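Hi,

Here is the structure I said I would pass on.

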Amino acid sequence: MRLAGKVAIISGAASGMGAATARLFAHEGAKVVIADVLEHEGRQVAEAIGVAARFEKLDVTDEDNWAAVVAATTRAFGKLDVLVNNAGISGSAEQDFYSTDAWHRIMAVNATGVFFGIKHAIPAIKHAGGGSIVNLSSIAAIIGSEHVHMAYNASKAAVRLMTKSVAVQHATDGIRCNSVHPGIMPPMRTSGRTADPAIRAERMRVIPMRRPGRVEEVANAILFLASDEASYITGSEIHVDGGAIAI
Ligand code: NAD
């Protein structure tokens, strides 16, 4: 088992790629904390996994929430080895590309939420003797996106560089930090225009593999970076995008 004995927090694990990652981590021997604002859905994911999982309510934009979730994790499972910063909201439901409200809302969840997660997990991971942080960015960190508020691109680019900053700062603490960049996946709960079948079909034409990714394909990349198999990999990024940004 590739994560035997490890304890992980996964933000946004009530749904999509976070839930798939929680299931895979538990299958590979980890104890997982499903942390999400969605209480009902999060509890269902945890119950389906069984004793290796527990749900903790978390709004990633609330720093006190993060402190409480890290404390609850170490209380329940004794330590923290892995943080997956996966929670996020889309920018494609916004009608106004220059909405200031949308800017603040998207940056708060997708960028500040990741900062808070890292800030509160690092002391616990250090206490455990080192570990791994995996941040969910996007190909939108690297190329501009049509149909999406610019804060989505900006927030995911912030995640990409926060990742490299943490990798450099904490390399000698035995803490690795890497980012995963999905391409076109099943739509997010908060997707707007990018969930439209016509827009998806149009975007699919520019993906070399001509198909969307599956949540399990992203979870596999996260698992690798979380595990000791990636022991010399830090500050790095994996694109899980069917070749979308290779062209
Ligand atoms: P999703 O909408 O299915 O899941 C996101 C989860 O984050 C949900 O469970 C949601 O409740 C949670 N969340 C949202 N705001 C939160 C908050 N303030 N506090 C705590 N939890 C919160 O989306 P997904 O497709 O599984 O996306 C997972 C990650 O991958 C996100 O960071 C997203 O930006 C990124 N991503 C998604 C795609 C895609 O096409 N789906 C592509 C590239 C990157």
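Let's start with the ligand. One of its nitrogen atoms sits 3.3 Å from a polar backbone atom of Leu58. A nitrogen of the ligand is also 2.9 Å from a polar backbone atom of Val60, and an oxygen of the ligand comes to 2.8 Å from a polar backbone atom of Asn86. Of the 830 Å² of accessible area that the ligand has on its own, the protein covers 92%. Do keep in mind that this is a predicted model, so treat the distances as computed from it.

Who is around the ligand? The shell holds 27 residues, and the closest are Ser15, Met17, Asp36, Asn86 and Tyr152. By type, the shell splits into 15 nonpolar, 8 polar and 4 charged residues. Two of the helices that contribute are H1 (16-27) and H5 (150-169), each with at least two residues in the shell.

Now the fold. The chain has 7 helices and 7 strands, and from the N terminus their order is β-α-β-α-β-α-β-α-β-α-β-α-α-β. With a radius of gyration of 17 Å, close to the 18 Å that the globule rule gives for 247 residues, the chain is as compact as a globular protein of that length. Its C-alpha trace spans about 50 × 35 × 35 Å along the principal axes.

Even so, H4 has a kink of about 40°, centred on Ala108. At the start of H4, a side-chain oxygen of Ser99 comes within 3.4 Å of the backbone nitrogen of Asp101. Just after the helix, Gly129 has a positive phi of about 95°.

Last, some backbone angles to check. Most residues other than glycine have a negative phi. Which residue in the loop between strand E5 (131-136) and H5 goes against that? The residue there is His147, with a positive phi near 70°. Arg210, also not a glycine, has a positive phi of about 55°; its place is the loop between helix H6 (197-204) and helix H7 (215-226).

That's what I have for now.

Cheers

How values were computed: Residues are numbered from 1 along each chain as its sequence is written. This is a predicted model: local features need pLDDT of at least 70, side-chain atom pairs count only at pLDDT 80 or more; totals for chains, interfaces and linings use all residues. Side-chain values use heavy atoms; hydrogens and water are left out. The bend at a residue is the angle between axes fitted to the seven residues ending there and the seven starting there. Helices (H or I, at least four residues) and strands (E, at least two) are DSSP runs, numbered from the N terminus. A polar contact is a pair of N or O atoms within 3.5 Å; within protein, one must be able to donate a hydrogen and the other to accept it, and residues adjacent in sequence count only if both atoms are side-chain atoms. A residue is near a molecule or strand if one of its heavy atoms lies within 4 Å of it. Accessible areas come from the Shrake-Rupley method with a 1.4 Å probe; for residues, only the protein chains shown count as cover. Ala, Val, Leu, Ile, Met, Phe, Trp, Tyr, Cys and Pro count as nonpolar, Asp, Glu, Lys and Arg as charged, and the others, Gly among them, as polar. The radius of gyration is taken over C-alpha atoms; the globule rule is 2.2 Å times the number of residues to the power 0.38.
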